[in-house]
Number of protein chains: 4
Amino acid sequence: MSQNSLRPSELPNLTIERLGENTFVSPLKGGTRRFVDDSEKILVYSISDKVKDCMDKTGEVPSFERAGPREKIYFNPAKLNCGIVTCGGLCPGLNDVIRTITLCLIWQYGVRKVYGFRYGYAGLSSNAFEEPMLLTPEVVDNIHLRGGSILSSSRGPQKPDDMIDQLVKRDVKLLFAIGGDGTLKGASALTETIKKRGLKISVVGIPKTIDNDIIGVEQSFGFSTAVDAARSAICGAHEEAKGAWNGVGLVKLMGRDSGFIAANATLANSDVNFCFVPEVPLILEGENGFLRQLEKRLDRKHHAVIVIAEGVEPAEYEQNEKKKDASGNVIRKDVGPLLKRKIKEYFQKIGKPLSLKYIDPSYIIRSVPANSHDSAFCLALGQYAVHAGMSGRTNMVVGYWNQYFTHVPIALATMKRKKIALQGFLWQMVLGTTGQECREKIKESRK
Amino acid sequence: MSQNSLRPSELPNLTIERLGENTFVSPLKGGTRRFVDDSEKILVYSISDKVKDCMDKTGEVPSFERAGPREKIYFNPAKLNCGIVTCGGLCPGLNDVIRTITLCLIWQYGVRKVYGFRYGYAGLSSNAFEEPMLLTPEVVDNIHLRGGSILSSSRGPQKPDDMIDQLVKRDVKLLFAIGGDGTLKGASALTETIKKRGLKISVVGIPKTIDNDIIGVEQSFGFSTAVDAARSAICGAHEEAKGAWNGVGLVKLMGRDSGFIAANATLANSDVNFCFVPEVPLILEGENGFLRQLEKRLDRKHHAVIVIAEGVEPAEYEQNEKKKDASGNVIRKDVGPLLKRKIKEYFQKIGKPLSLKYIDPSYIIRSVPANSHDSAFCLALGQYAVHAGMSGRTNMVVGYWNQYFTHVPIALATMKRKKIALQGFLWQMVLGTTGQECREKIKESRK
Amino acid sequence: MSQNSLRPSELPNLTIERLGENTFVSPLKGGTRRFVDDSEKILVYSISDKVKDCMDKTGEVPSFERAGPREKIYFNPAKLNCGIVTCGGLCPGLNDVIRTITLCLIWQYGVRKVYGFRYGYAGLSSNAFEEPMLLTPEVVDNIHLRGGSILSSSRGPQKPDDMIDQLVKRDVKLLFAIGGDGTLKGASALTETIKKRGLKISVVGIPKTIDNDIIGVEQSFGFSTAVDAARSAICGAHEEAKGAWNGVGLVKLMGRDSGFIAANATLANSDVNFCFVPEVPLILEGENGFLRQLEKRLDRKHHAVIVIAEGVEPAEYEQNEKKKDASGNVIRKDVGPLLKRKIKEYFQKIGKPLSLKYIDPSYIIRSVPANSHDSAFCLALGQYAVHAGMSGRTNMVVGYWNQYFTHVPIALATMKRKKIALQGFLWQMVLGTTGQECREKIKESRK
Amino acid sequence: MSQNSLRPSELPNLTIERLGENTFVSPLKGGTRRFVDDSEKILVYSISDKVKDCMDKTGEVPSFERAGPREKIYFNPAKLNCGIVTCGGLCPGLNDVIRTITLCLIWQYGVRKVYGFRYGYAGLSSNAFEEPMLLTPEVVDNIHLRGGSILSSSRGPQKPDDMIDQLVKRDVKLLFAIGGDGTLKGASALTETIKKRGLKISVVGIPKTIDNDIIGVEQSFGFSTAVDAARSAICGAHEEAKGAWNGVGLVKLMGRDSGFIAANATLANSDVNFCFVPEVPLILEGENGFLRQLEKRLDRKHHAVIVIAEGVEPAEYEQNEKKKDASGNVIRKDVGPLLKRKIKEYFQKIGKPLSLKYIDPSYIIRSVPANSHDSAFCLALGQYAVHAGMSGRTNMVVGYWNQYFTHVPIALATMKRKKIALQGFLWQMVLGTTGQECREKIKESRK
């Protein structure tokens, strides 16, 4: 889809699951609040050819349900208990989302109770480290000023039946799960079991991935803040590189499967000379390999800045064992120190001086408070998640797409990871800006 | 369109003017650079109903030309002189745009010369304060670290014929005009005269409006940075408000015709209690008027934060004379001090204590360097403007729309100002977050 | 004294008042904590001549008592209730001081209760707006992340007897008063009345003045943060000035009686061309007057940055009436708009273009959270205030002097305002950096 | 001396070397500039006992020469060429110092030329990588906005005779060397050889040590900025620690021999639970050892933040080989990863969960631009270095001491490293704030 196309034929059913008929009048009714009708849809494709094609073939264009408050809602707020849980690694904006969900539930809908389950899905299990917190306007008042998550987090799934028992025990009928790919798959499994057990509990996800790699969602919260913070680290690498003869600043950034942070931070800081992402094979050796290119760059300018996403695997690099962490992510050998070593060895071999500084800002980036874009964006995501949940929707996440907030089935969001399209404008701009492929060529043509 | 709909029937012709056939092979050719085909189009509407409607009626959907490098270009880079001019008030990112246009022209295309005309259109006239600067990679190296514009700026138009004479004198065939509504209208007038004189000079605009009020463009550069900076000011207002009994923090933000900065900054800082924008009439007096509402808020909480866009005109406020500044913008009486006075008078009258702090951060916001989003965005806008200009396009601006960069006719961009749609999600969220309309009501319903 | 000399003969008695004998063993005893002996003294003068002089004449050198934990203390922590109050305008670091006093009293000494009186001295009166808050480690946990004061503030004194009645009612025997000149005078009056009534209540001040104008104290908390924030405003003024032909950025900064913020911000941002402080008469008119100097600067460079402290009074400017605010500070006409008007009139008269941008960042500066220097400094001040109070000292403030924390009698701190010494290095560097006096001259001498 | 006492008997001769009689009238003469007399002295000790002692024994108190412009100067500015060199690792403020020295030499004194030698002392050798830059007001205009050093740097000494030949070749008679311990020793060696060769070349140092470990100097430039930046990293570590069950944030900070950054950043961020500095032995094992203490902390609170300076060596940790880097600093094994491993092993052994996040922000800290304190401080240091050099002083550095700028012989500055006094207020406050020794005890005493 658009920058990252799934073909129309690949798209899963985009209809959103619902618990039942909406019978309660929304307490938002009255005043100038505007309700969204279930029939409002947002186009998946914004390129005219694809859209005409779909129309010609099927008379229909694939589209997302539009997010927003509904005039009638499923749950009776006065009797509703809700829960919030945050899973996986830290990401800027978690507290903003917790806060806005809590305030929207309490101030706008007037629900009975909001529980904050502690330490990820573990807090929903019968073996929880700690009892859930009661979230009130007082408790969440200033939490958006801090990074991290006041609910804390953990990795890995829990047994659906056990979690459901805990929800039932506390009469929680609406659960907000904030997390990435693994968390959303867990949320989906939870809804399956809920259905099997004939319960009416809604599970709404807010996609959290600092890597911005959730499909069907233009941008995930925290990403903009992460790029801000990454830019500072690159800026430091640039100064360090210029500070020494044949100085090299090497920055490893987040990006397990997708290089969005690396690419955007490269564009936000036009001093990067080489940007490596998981989507593009990294060739180290040979005349066109990176090491020889770096040598040529240093011969010419005597300093260089390199950005590499953590998920890059050098082509020459054998990796037999594929261990996984508790969230099911493959544990790779750390490419940062590896590249550092390879560069040092190369320059030692060719007998040229080198002053390499290696920067790994990972946790510094993950833990900062949200910037203003992400704060406002989290506010929206949280409110739309509440509106979706109050209307009885389940097994979905809230997204943003082509200028509207949308409902996205978890099935689409977890189908595969979003990746940088190498023909798309983002990567093309990285190439144009770093000149990592073509500068030599163009300079020749100027002679 | 979408959040801010023009009806399909209102849309002007979206075809982009071109100087002639593209006969030169782009120096970008080779490697993995991907060219955009002239046939690629981006849908104006992303709401499915509107699109189906258009298809049913005309078999066509209104769409923008997609921006990007073309395989064949109009100008011969080796013989091309270019010019850049910045007009109107300061806006974060101006130096980023100047830098990226310069570097893209020189490094990617290898043009002959890039002139930076000083002090706005005045620098293009025969009465220029100063000669144009020669822009080189060395000159623009670090300029993006600073706010402002190294070319400086001025307001107001100049005679098209005089400006064209200056361009001809320096053999400038491609001019980049960075500015707002007035500047773009000036650019359009320039292209008209160029055509009349039978010249082949291209004029490409980069829309600059800190207010984000250019139509046909999702977001303008500098806006994100402005919201960041505005959030800080509001944060200060909040502390000042809480610091005193019946403390009020009143912040005036930019927004001559449209309240996007005020609205977004309100969402980015969830401590705002009243947000006033030019799109909504401000009623001061009466039981439902703002002054009475403020009194009730203070009785309840003893502090309040108010954000007002500069373009708001209180309904009760007579304004006979409508003077205009050099850019043709109506000069209004300053609403900030007016509101301050009205509030003070009201509380004096009702005999309740009040401690009001007034904050006007205007120039502090306009002059900061671009944040990382805007830096990357400016990089893209600048590069796409260069690609458009090199391909002989003229009388257009570069935009961003539904996940693609686009070419937008100046005729559309200057048709009218983009405004907050009161039924759209932005304003609805402001209402939901400040509770400026409905909190009372909801609290009642909770009893 | 040093940069701001009181002559030795002017110094008041530097002995600190005490409530009585210290009979309790400090709970800090044990481990590697080091206690300060009452005999340790810090020299007032660090210039060798003055010191020799004093030694020759009296065999003594004037010195401050050194601050620090004492091995024996006056109060029994287990039975002690304490109070904290913040008065006057906001200043970065207030919450840091509140937090550290609370934590030091509770964690290090184990006192019974800490009350936070709300809204300044008004909260200590029988007419308090609100009951005092109970300050606990939980309550103060994150408050240092915010600007402002969680206790809020107010201006003006209250009747000592009434305040003492409230203290007695709550059994508060140790009160920390955080405030400026007026607040400290109030604290002194309070101790006088306490003595008269034969009570054993200690009042310890932490001098709060964003202007850094408390005598006997090298630097006051919040000042460093204020200079940081002022620098940003000046930076914006510089960009605005350069953005237009004959552009002038005019920034009004805090500094009622003393120009320390203006002078330091000028040094921290080397783009200021004219810096005006209350200590130096500002001559507007005449060949050597500021207006003519500004004209010459603009003729030469076409932009200028001016910083003016709020307390400056142009020599030509008649001011008959001297109103005072609730804190007893003289209310002056606002010099910022005055200067703006004078400059505009002058350039209109001489018929030269001018583009003036006026920036008044006052409340934005006052309300930011403390920077890292001020956070650490507040931590120290708060802890030393606690140590002083626990040892029964009263009618004093905590200071920092010649690399040590000190006890300073309120009599000295409120004797008069600290001012910039025109012969001292600060002002001399301002002259050397702005060149506001001598640049012309030096350039001539280079010919 | 004061916080870090050398006994009076240990002090070297504090007289500053001079090239000869000052015969030229300073071009600063005239206007209101105030000159400093050679007889003005600043006391080394500010504690009254030490001062009285000295007076009683010798009638003299040890004191530094006061820095400042002299009425008569040694060099004829019109004929003087100067040079600047930056050596060792990056430190915030280097560009500020380069800029202010250049501007002061050119604008205030009107010297002939200012050379910027590239890449440290290597740039002063006959094998320099690059020719020196000519430093002009245009070249240094905006450099203070960037971190790093526009002159770049390198480690290690060069042959004095070779360097002097290069100075003579370019007729440079005044050299400013910005660097740490090794650089200053190099500068001292240079002055020895200059004397031997009967030349009249002055070498003035500006002490650069991000660790703040130069003796005889209250604070070195860049240190305040480094603490700012370190605070951000610690803040992130705190969020990461709270984000997981038994979460530990471990931050390694600069501090090869002295823990000033670690200690100050700990005070600036009151969330640190353990702070380790080179001055205090770190015991890992045993009931009172750190690992057991950490276990107890996690049992109680389930998260912990640890700060460790790079120079700490665990007592149990054998280190046979002592390699040195090019600057002569001992290369130690990296204590950060070591501690990380020890903690992980311990918790594995005792079978308790642990989620440790390791943060090493070193280069991110070193490369940021100076904060406003350091910018103003660098301005002063640079100007005073120029005044000292113009007056023919040599073999000295500029310092700040007891509220005055001073001249410090290199012999004192390089005598040994300044260290945290464990009885001084800095370390005592670290203990009081982290509670790393005594919290248990106090809590017991509260029962």
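This is a predicted model: local features need pLDDT of at least 70, side-chain atom pairs count only at pLDDT 80 or more; totals for chains, interfaces and linings use all residues.
Reader: What rotation superposes chain B on chain A, and which C-alpha of chain B is nearest the axis?

Author: The rotation is 180°, with 0.0 Å of shift along its axis and an RMSD of 0.0 Å. The two copies are thus related as by a two-fold rotation axis. In chain B, one C-alpha is nearest that axis, 2.2 Å from it: that of B:N402.

Reader: How far does helix α8 of chain A reach from its first C-alpha to its last?

Author: Helix α8(A) covers residues 335-350, which makes 16 residues. At 1.5 Å a residue, 22 Å is expected. The model comes close to that, with a reach of 23 Å.

Reader: Within what arc do the buried residues of α8(A) fall?

Author: The buried residues are A:V335, A:G336, A:L339, A:K340, A:I343 and A:F347. Seen down the helix axis, they line one face of α8(A), because they fall within an arc of 140°.

Reader: Which residues are exposed on the other side of α8(A), and which elements do its buried residues pack against?

Author: On the other side, A:R341, A:E345, A:Q348 and A:K349 are exposed. The buried residues pack against four elements of chain A: β11 (247-253), α7 (290-301), β13 (303-309) and β16 (355-359).

Reader: What follows α8(A)?

Author: The next residue has a positive phi, near 70°. That residue is A:G351.

Reader: How many residues of β13(A) are buried?

Author: In a regular strand, side chains alternate between the two faces of the sheet. On one side of β13(A), A:H303, A:V305, A:V307 and A:A309 are buried; on the other, A:A304, A:I306 and A:I308 are buried. Both faces are covered. The count is 7 of 7.

Reader: Which residue of β13(A) is the bridge partner of A:V248?

Author: β11(A) and β13(A) pair in the parallel sense, over 7 bridges. Within β13(A), the partner of A:V248 is A:A304.

Technical notes
Residues are numbered from 1 along each chain as its sequence is written. Chains are lettered from A and ligands numbered from 1 in the order in which they are written. Helices (H or I, at least four residues) and strands (E, at least two) are DSSP runs, numbered from the N terminus. The expected span of a helix is 1.5 Å times one less than its number of residues. A residue is buried if 20 or more other C-beta atoms lie within 10 Å of its own, exposed if 12 or fewer, and partly exposed in between; C-beta atoms are placed from the backbone. The arc is that of the directions from the helix axis to the C-beta atoms. Two residues are in contact if their C-beta atoms, placed from the backbone, lie within 7 Å. Copies are superposed by least squares on the C-alpha atoms of residues with pLDDT of at least 70 in both. Two strands pair if DSSP finds at least two bridges between them.
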